Every structure is written in structure tokens, then in C-alpha cells.
Amino acid sequence: MMGPSHALSGAAVWLSGSLALQHFADYEQSPLAIAVGTAVCAGGALFPDLDLSGKVTRNQGGATVARTFGVFSLFVAEVIEKVSLGVYYATKLSRDPKRNNGHRTLTHTIPFTVLVGWGTTALCTAYGKWAVVGILFFMIGLALRGLFDRWAERAGWVIVTLTSAAAAWYTFANLPGDRGYPMIGLAMGVGCFVHIIGDMITKAGVPILWPIPIKRRMWTPIGLPNSIALRAGGKTEVVVVRSVLTVVSVLAALGLLAPSVLQRFNIDG
């Protein structure tokens, strides 16, 4: 899947999941909490693609998400890509092919998803909303790059960075302190998992079951058969999948926010 589809899928899953929790488990969230979770999940749904680096010194190449914060995010992507490639060669078996880069390896596995979710929760537990602000700054940038790809491309990484910083500061000023914010870690983990599922329905597949060996391969790509798999960036993804995800996101957001709006204006729902 392409970046906008990944980000939309993260937003749609978080909003629809929050709506389900509100209706079936009586778990209500403030509008700010919903916005924070949605932004983190949408950004998290792009996070695994930071394993595709480009030309750091030229601020070129790599995955779209790797150019979110200019040279800085390209450098982060370079590090993640090299670490992923190192893990690949350290654990590969005889039938695993040679690779020139680490894209769609470590960051596209269940252990990585669990590690990201747990690590985010640990940071938020230890440092409270200070950690939330840092995580939100990074995730909002990724989300903006994915959800508003054309705008972000035109505006440039400086504007994206400033917008992310402003949103993070607003959150810092309005979130209550002395909390662990475990939902942030959950949003990160869910976003990464949604990304993996999105890539599984494309032709290349992902090694989601690593480190379980399958037929003398440690990094076996798992995905749909080519006859029914989506082509990344094809019309089905761009028109059908994104339209469905947009509708789901809008309807879920309306369902979540409508009661608060009605109550604010003293309208009986």
C-alpha cells in the first residue's frame, strides 16, 4: 500500500474501534483524546515504512514518510533500514535470498509491532505527558505526510514540522498531567499492525511470522495470492480502498463527536 492508504487505514481503525468501545463497553473519551489516538494510530500506520531510506545529504528518495522531517527523518530511516538489514542477515536461513536493503523485513513483523507498542507505553508511563508530546509531534508529522500527501509535498518539511510542533504544544497545554496514557502505546501498536495487514494484501507480502522458520526460510513473505492481491498504487487501492476508508473514518468520527456537540449546545439527541 501507498502512504496515504496506510495513514487512512490507521485513522479508520482507531476511530471505528473507539466508537465500538463507546457503544459496547461504555468507554468514553474526550474529543482531544480521540484526536490524539487517531493521529498516533495514523502515524503509526506509516511508521514501519521508515525502513526505506533515501539519500540523506540530498534530502531525496526513500519512502514518502521518510521525508516528513527532511534530512532528520531520512537519517532516522537510514538507521532503521541498516538495523533491519543487519537483523535480516543475522537470522536468515539457507533459502532466504540476498538483499541490498532492509525494507519490509524487521519493521514488518509482529515482534516489532509488540516492541513499539510496549516501548511507547513504557515511555508514557515513565514520563507522562512529556513523552506523549514528543511521540505526538513525531506521529502527527507522519500522519500529515500520509493523510495530506499533496499538501505536505507542496508545503515542504519545514511547514510540516512547525504544524506538528504546534499541535504537540497544544496537546501539552490541554492534556491532564500525572497519567501513563496507555492508549498511546496501544495506538502505536495498532497502527503498526494495520500497516502490516495493508502490505499483506499487496503482491509482495510481508514476513509477519518472523522468527518462525518456514521451509528453511526465516523471512517468508506472507500475503494474498497474486491473482487477487492489490497492486500498490493501483486504481483499486487509490479509488476503492481509500474511498471506503474515508467514509468509515468520517462516519465513525461523527458518531463519536456528535453526542459532545449536541450536549454542548444543549440539544437532546
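This is a predicted model: local features need pLDDT of at least 70, side-chain atom pairs count only at pLDDT 80 or more; totals for chains, interfaces and linings use all residues.
**Entry 1: R104**

Is R104 buried or exposed? I found a relative accessible area of 16%, and buried means under 20%, so R104 counts as buried. R104 sits in the loop that runs between α3 (71-91) and α4 (110-127). I also looked up its backbone: phi of R104 is positive, about 60°, although R104 is not a glycine.

**Entry 2: R216, another positive phi**

Next I turned to R216, where phi is near 60°, again a positive value in a residue other than glycine. My notes place R216 in the loop between α8 and α9. With a relative accessible area of 51%, R216 is exposed, because the cut-off for exposed is over 50%.

**Entry 3: a cis bond**

I stayed with the loop between α8 and α9, where P211 is found. Which residue is joined to P211 by a cis peptide bond? I noted W210, with omega at about 10°.

**Entry 4: N101**

I went back to the loop between α3 and α4 to look at N101. At 31% relative accessible area, N101 is partly exposed. I then asked what N101 touches, leaving aside neighbours within four places in sequence. The contacts I wrote down are E81 and L85. I also checked N101 against K82: the two are 19 residues apart in sequence, and their C-alpha atoms are 7.3 Å apart in space.

**Entry 5: aromatic rings**

How many aromatic pairs does a search of the whole structure find? The search gives eight, and I looked at two of them in detail.

One is Y88 with Y89, whose ring centres are 5.4 Å apart. Their planes stand at 85°, so I filed the pair as edge-to-face; the cut-off for that label is over 60 degrees. Y88 is buried at 2% relative accessibility, while Y89 is partly exposed at 37%.

The other is W169 with F172, a stacked pair with 5.2 Å from centre to centre and 25° between the planes. Stacked needs planes under 30 degrees apart. Both W169 and F172 belong to helix α7 (residues 157-174). They are three residues apart, about one turn of the helix. W169 counts as exposed at 57% relative accessibility, whereas F172 is buried at 14%.

I also noted a cluster: Y88, Y89, W210 and W219 form one aromatic group. Here W210 turns up again, the residue joined to P211 by the cis bond.

**Entry 6: charges over rings**

Which ring has the charged end of R99 over it? I found the ring of Y88, with the charged end 5.5 Å from the ring centre. I recorded K129 as well, which lies over the face of F172 at 4.6 Å from the ring centre.

**Entry 7: two packed helices**

I read up on a general point before this one: two packed helices are described by the angle between their axes and the distance between the axes. For helix α1 (residues 3-24) and helix α2 (residues 31-44), I noted an angle of about 145° and axes 7 Å apart. The crossing of α1 and α2 is right-handed.

Which residues meet here? From α1 I listed A7, G10, A11, W14 and L15. Facing them from α2 are I34, G37, T38, C41 and A42. Sorted by class, this contact has seven nonpolar residues, three polar ones and no charged ones.

**Entry 8: L8**

I stayed in helix α1 for L8. L8 is buried, with a relative accessible area of 16%. Not counting residues up to four places away in sequence, L8 touches L147, R242, L245, T246 and S249. I checked I140 as well: 132 residues separate L8 and I140 along the chain, and their C-alpha atoms are 13 Å apart.

**Entry 9: M188**

My last stop was M188, in helix α8 (residues 182-200). Is M188 buried or exposed? At 4% relative accessibility, M188 is buried. Setting aside neighbours within four places in sequence, I found M188 in contact with V40, G44, V116, T120 and M139.

Key: Residues are numbered from 1 along each chain as its sequence is written. Side-chain values use heavy atoms; hydrogens and water are left out. Axes are lines fitted to C-alpha atoms, for helices over the stretch in contact, and angles run from 0 to 180 degrees between N-to-C directions. Helices (H or I, at least four residues) and strands (E, at least two) are DSSP runs, numbered from the N terminus. A crossing is left-handed if the near helix is turned anticlockwise from the far one by less than a right angle, and right-handed if clockwise. Contact means heavy atoms within 4.5 Å. Ala, Val, Leu, Ile, Met, Phe, Trp, Tyr, Cys and Pro count as nonpolar, Asp, Glu, Lys and Arg as charged, and the others, Gly among them, as polar. Rings of Phe, Tyr and Trp (its six-membered ring) pair if their centres lie within 6.5 Å; planes under 30 degrees apart count as stacked, over 60 as edge-to-face and the rest as tilted. Buried means under 20% relative accessible area, exposed over 50%, partly exposed in between (1.4 Å probe, protein chains only). A charge sits over a ring if NZ of Lys or CZ of Arg is within 6 Å of the ring centre and within 35 degrees of the ring normal.
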